[in-house]
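Biologist: Please take a close look at the aromatic rings here, and at what surrounds them. Which partners do they have?

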Amino acid sequence: MYKLLVGLGNPGPEYHDTRHNAGAWWLEAAAHALKAELRPERSFFGRAARAQVGEHTLWLLEPSTFMNRSGQAVAALARFYKIEPQQILVAHDELDLPPGEVKLKRGGGHAGHNGLRDIHAQLGSADYWRLRIGIGHPGHKAEVVHWVLKKPAPEQRSAIEEAIGRSLAALPDLLAGQVERATAAIHTAKPVRPKPPRLQASGAAGAGAGAGAGAGAGAGAGAEVEGV
């Protein structure tokens with residue numbers, strides 16, 4: 001039985017609609033579905049809410065730290081309420097899945113995701129659940145920072161929201177401990193495949209690539225501060 005749901009992202013309106021905040025989108029939608037109001041909690045370094053599910057208390061947490069300090073918030077709440085890693089579900093953006101796909105798993109590595117990396121370190125364990133929300137991959141490792149800190153194209157955003165809705169439809173089963181049933185519902189639904197981006201003329205593409213490289217370099221330079 002889950003006792004804590006977490007949605008990862010970066011704080012501030014400039015980041016709210018970026019791909020890296022897909023986990024936060026999920027948590028906000030979950031709070032709405034559970035009629036729970038997220039409120040700032042200094043002790044837990046984020047916005048938190050408590051919901052009653054049957055006879056069980058469920059906590060929801062959206063860290064207000066930058067992504068690479070997410071573990072500070074998760075560990076603070078988990079330790080205060082004596083919540084074990086296996087009772088935690090963390091929703092986060094996933095580069096290795098296309099928009100429209102979502103996967104549930106327990107444990108494993110952080111695959112370079114700095115939010116998960118810090119949660120690993122702060123909890124001292126990787127044995128927590130993850131809801132991996134696909135955001136797609138830009139195709140080149142050097143472009144990842146720029147990619148996650150940008151807003152998805154409208155068709156990609158629609159696909160991500162559809163995946164979030166599908167996973168939330170399985171939330172009652174998840175909270176009831178019916179993990180296999182919930183996993184089957186989440187994994188077997190056919191994801192929406194967004195249309196590929198239009199190809200630009202070579203001259204425009206070259207200019208765009210130069211601008212993207214500059215933006216990527218700037219974002220990379222601030223990664224330690226802004227929690228990419």
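Modeller: Start with a charge over a ring. Arg130 lies over the face of Tyr128, 4.3 Å from the ring centre. The term means that NZ of Lys or CZ of Arg is within 6 Å of the ring centre and within 35 degrees of the ring normal.

A word on the source. This is a predicted model, where local features need pLDDT of at least 70 and side-chain atom pairs count only at pLDDT 80 or more, while totals for chains, interfaces and linings use all residues. Numbering runs from 1 along each chain as its sequence is written, and side-chain values use heavy atoms, with hydrogens and water left out.

Now rings against rings. The whole structure holds 7 aromatic pairs. One of them joins Tyr15 and Phe66, edge-to-face, at 6.1 Å centre to centre with 85° between the planes. Rings of Phe, Tyr and Trp (its six-membered ring) pair if their centres lie within 6.5 Å; planes under 30 degrees apart are stacked, over 60 edge-to-face, the rest tilted. Tyr15 belongs to helix 1 (residues 13-16), and Phe66 to the loop between strand 4 (56-63) and helix 3 (70-80), so the pair ties together parts 51 residues apart in sequence. Helices (H or I, at least four residues) and strands (E, at least two) are DSSP runs numbered from the N terminus. Tyr15 is buried at 8% relative accessibility. Phe66 is partly exposed at 27%. Buried is under 20% relative accessible area, exposed over 50%, partly exposed in between (1.4 Å probe, protein chains only).

Phe80 and Tyr81 make another pair. Their ring centres are 4.9 Å apart and their planes at 80°, so this pair is edge-to-face. Phe80 is exposed, at 56% relative accessibility. Tyr81 is partly exposed, at 32%.

Helix 3 itself is mostly covered, with 8 of its 11 residues buried. These are Ser70, Gly71, Ala73, Val74, Ala75, Ala76, Leu77 and Ala78. Their cover includes strand 1 (4-7), strand 3 (46-53), strand 4, strand 5 and helix 4; cover here rests on contact, heavy atoms within 4.5 Å.

After helix 3 comes Lys82. Lys82 is not a glycine, yet its phi is positive, about 55°. Lys82 sits in the loop between helix 3 and strand 5, and is exposed at 66% relative accessible area. Lys35, also not a glycine, has a positive phi of about 55°. Its place is the loop between helix 2 (22-33) and strand 2 (39-41). Lys35 is exposed, at 77%.

Back to Trp25, from the side of a neighbour. Ile164 touches Ala22, Trp25, Trp26, Ala29 and Ile133, leaving aside residues up to four places away in sequence. Ile164 lies in helix 6 (residues 154-169) and is buried, at 6% relative accessibility. Its C-alpha atom is 8.3 Å from that of Gly100, 64 residues away along the chain.

Next, open space. The second largest pocket has a volume of about 460 Å³. Its lining counts 24 residues, with Leu95, Ala111, Gly112, His113 and Asn114 nearest the centre. Strand 5 (88-94), helix 4 (114-123), strand 7 (129-134) and helix 5 (144-148) each give two or more residues to that lining. A pocket is an open set of points on a 1 Å grid over the protein atoms alone, where a 1.4 Å probe fits, with protein on both sides within 12 Å along at least five of seven lines; lining residues have an atom within 4 Å of a point. Volume is the space filled by probe spheres set on the points. The lining divides into 8 nonpolar, 9 polar and 7 charged residues. Asp, Glu, Lys and Arg count as charged, Ala, Val, Leu, Ile, Met, Phe, Trp, Tyr, Cys and Pro as nonpolar, and the others, Gly among them, as polar.

Finally, the whole protein. The secondary structure comes to 10 helices and 7 strands. Of the 228 residues, 47% are buried. Among contacts with a separation of 6 or more, 70% join residues 24 or more positions apart.
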